[in-house]
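Trainee: I would like a close look at a single part of this model, a hairpin and what surrounds it. Please go through it slowly, then carry on to other parts that help me read the rest.

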Amino acid sequence: HWTDIFRTAREGIGAWLNDSGLPLRERALVKALVLGQRDELDSGQKDDFARSGTIHVLAVSGMHVGLIFAVLSSLFGWWGKGSGARWVRGILLLLALWSYAGLTGGSPSVLRATIMFSLFTLAGMARQRTDHLNSLFAAALVLLVLDPSMLRQAGFQLSFLAVLGIIQFHAPIERLWVPVNKWVQRAWSLAVLSFSAQLLTAPLSLYVFKAFPIWFLPANIVVVTAIGFAVPGAVALILLYRIPLLGDALIWAMTLLLKAVGAVTSCFASLPFAYPAVRIGFSDMVLLYVLVLAVAARWHWRWRGMRWAAGLASIAILLGWGLRARTAMDKETLVVYDQRDGMVASLAQGRSLTVLASADSLLNDPWLTRKLEKHQRAIGATSTVLGSITALSPDSATAFHGSVLMAGRWRSPLLDVRFINASNNEGGGSSEHAVVVFHDLPWIEGSGAEELVAGAKQVVIAAGVKWRVRNSIREACATYGIPCHVIREQGAFILHRPSD
């Protein structure tokens, strides 16, 4: 890849930042903001940016390229407007833009912005008029000619939709109110900028990520303003941190600024209803785009008939959501997760999600917590109940949202699941079970496997079961013709009732 020629420079800048004296979390944030390297960010930082609706600042994009373009244009502006100055300034700007694109790895969002600003620069060099919309689609054409597969990438789609929304809607919406105070005007402009970008990206984001950051507007006003200082400051820090006093001052200022950014994102991420689950299908996404475009065409371009199109789209969306909500309430889904040790299973009933684990320690695993959050968003669950099989009394029944767990059995109106482990491994073939789950079972004596699987319609072997026991269970399933799902080899097990 053409960006490989910048690999040494990327590694060198990373080494400089490691030696700069910035604290670990702030250093990771600088690498994400300037170089697009997010591997050093901890999961808490990523979650805070995602839940606050400011995750886009961590992906080097048009905002970062635009800031660098603006700073360099200001620095080179004193050269004058003569023909020679224009061409030298333009060539230096093009070299700086494409060098930055190479340093950041050439992601679709960076290349889109780099091509657009390159077109602006070339137009300025030739004293030609530019058009933002034409430049945006020219950038898309160039990128798709070079790599047509980009069209299927969510990053490419969201990047262009965000800029398209800003080009089409920012100016008309901003003109609706002109504040007298310049600081209020600045906040209003940033709010409109964020809202304009969300207009065309929200339907696709809802379809892909199954959630929506409620507090994105106030969070972006604060965070984007801070990032406007942080990106040039980070570049200055990389270049000047070795200079005595000046370097110390830059490190102090950047640490203070980035700590404030982290505190703001954490605050908005922890607010009530910050990142609710929203589950929509492909048809809903299309209808939402029809609604947005119909409203825009009626309001902005005064197209007749768009009011009816918007109304019909709204009715179709509401009817679809109502029908799916009713169907979801009559559906149950059992999931046995691809946990590498022990066993974690969940039962989704309508909008409730009940999770059980073979040990209390598994429920404290941060990886499992994030996995459950994704599952909850994917199904639009509003509640999650956590429990451990070992913490439940084997002699009494415990109810969870319409399901009952007793003596190693988990029963609901549509499912009957049996859990077999070292303390509950007696033959139970007298009754049928929709699923029999083996976990934490160190051995099986003699023909015990055949007795344990008898009566099962489906057998699941958790990842923690030893290979000898797995083989015994597999052979028993083959004898009875029972489907056997091995988590270690096949990943998570999912069963819907009624089936899709």
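Mentor: In the hairpin formed by strand 2 and strand 3, two residues lie between the strands, and Gly-350 has a positive phi near 65°. Bear in mind throughout that the model is predicted.

As one example of the pairing, Ser-346 has Val-355 in strand 3 as its bridge partner. Strand 3 also pairs with strand 4 (residues 383-388), again over six bridges, but here the sense is parallel. On that side, Ala-357 stands opposite Ser-388 in strand 4.

How many of the six residues of strand 3 are buried? Six of the six residues in strand 3 (residues 352-357) are buried, so the strand is largely enclosed by the rest of the structure. Take the two faces in turn. One side carries Ser-352, Thr-354 and Leu-356, the other carries Leu-353, Val-355 and Ala-357, and these residues are all buried. Both faces of strand 3 are therefore covered, because buried residues are found on each side.

Helix 1 (residues 7-19) contains 13 residues, and the distance from its first C-alpha to its last is 19 Å, close to the 18 Å expected at 1.5 Å a residue. Its buried residues include Arg-10, Ile-13, Gly-14 and Leu-17. These four cover an arc of only 100° around the axis, so they sit on the same side of helix 1. Thr-8, Glu-11 and Asp-19 are on the other side of helix 1 and are exposed. What do the buried residues of helix 1 pack against? They pack against helix 2 (24-35), helix 5 (83-103) and helix 10 (216-240). After helix 1 comes Gly-21, with a positive phi near 95°.

Lys-210 is not a glycine, yet its phi is positive, about 60°. Lys-210 lies in the loop between helix 9 and helix 10. Its relative accessibility is 19%, and the cut-off for buried is under 20%, so Lys-210 counts as buried. Phe-273, also not a glycine, has a positive phi of about 55°. The loop that holds Phe-273 runs between helix 11 (246-269) and helix 12. Is Phe-273 buried or exposed? With 69% relative accessibility, Phe-273 counts as exposed.

Another loop residue worth a look is Asn-421, in the loop between strand 8 (416-420) and strand 9 (435-438). Asn-421 has a relative accessible area of 12% and is buried. Setting aside neighbours within four places in sequence, the residues in contact with Asn-421 are His-439, Asp-440 and Leu-441.

For the backbone there is one further item. The peptide bond that joins Arg-497 and Pro-498 is cis, with omega about -5°. Pro-498 belongs to the segment after strand 12 (493-497).

Searching the whole structure gives six aromatic pairs. In one of them, Phe-117 and Phe-120, the ring centres are 5.7 Å apart and the planes stand at 90°, so the pair is edge-to-face. Both residues belong to helix 6 (residues 108-125), where they are three residues apart, about one turn of the helix. Phe-117 is buried at a relative accessible area of 17%, and Phe-120 also counts as buried, at 16% relative accessibility.

Tyr-207 and Phe-282 form another edge-to-face aromatic pair, with 6.0 Å centre to centre and 70° between the planes. This pair links distant parts of the chain: Tyr-207 is in helix 9 (residues 182-209) and Phe-282 is in helix 12 (residues 282-300), 75 residues apart. Tyr-207 is partly exposed, its relative accessible area being 30%. For Phe-282 the relative accessible area is 51%, and exposed means over 50%, so Phe-282 falls in the exposed class.

Definitions and conventions:
Residues are numbered from 1 along each chain as its sequence is written. This is a predicted model: local features need pLDDT of at least 70, side-chain atom pairs count only at pLDDT 80 or more; totals for chains, interfaces and linings use all residues. Side-chain values use heavy atoms; hydrogens and water are left out. Rings of Phe, Tyr and Trp (its six-membered ring) pair if their centres lie within 6.5 Å; planes under 30 degrees apart count as stacked, over 60 as edge-to-face and the rest as tilted. Buried means under 20% relative accessible area, exposed over 50%, partly exposed in between (1.4 Å probe, protein chains only). The expected span of a helix is 1.5 Å times one less than its number of residues. The arc is that of the directions from the helix axis to the C-beta atoms. Contact means heavy atoms within 4.5 Å. Two strands pair if DSSP finds at least two bridges between them.
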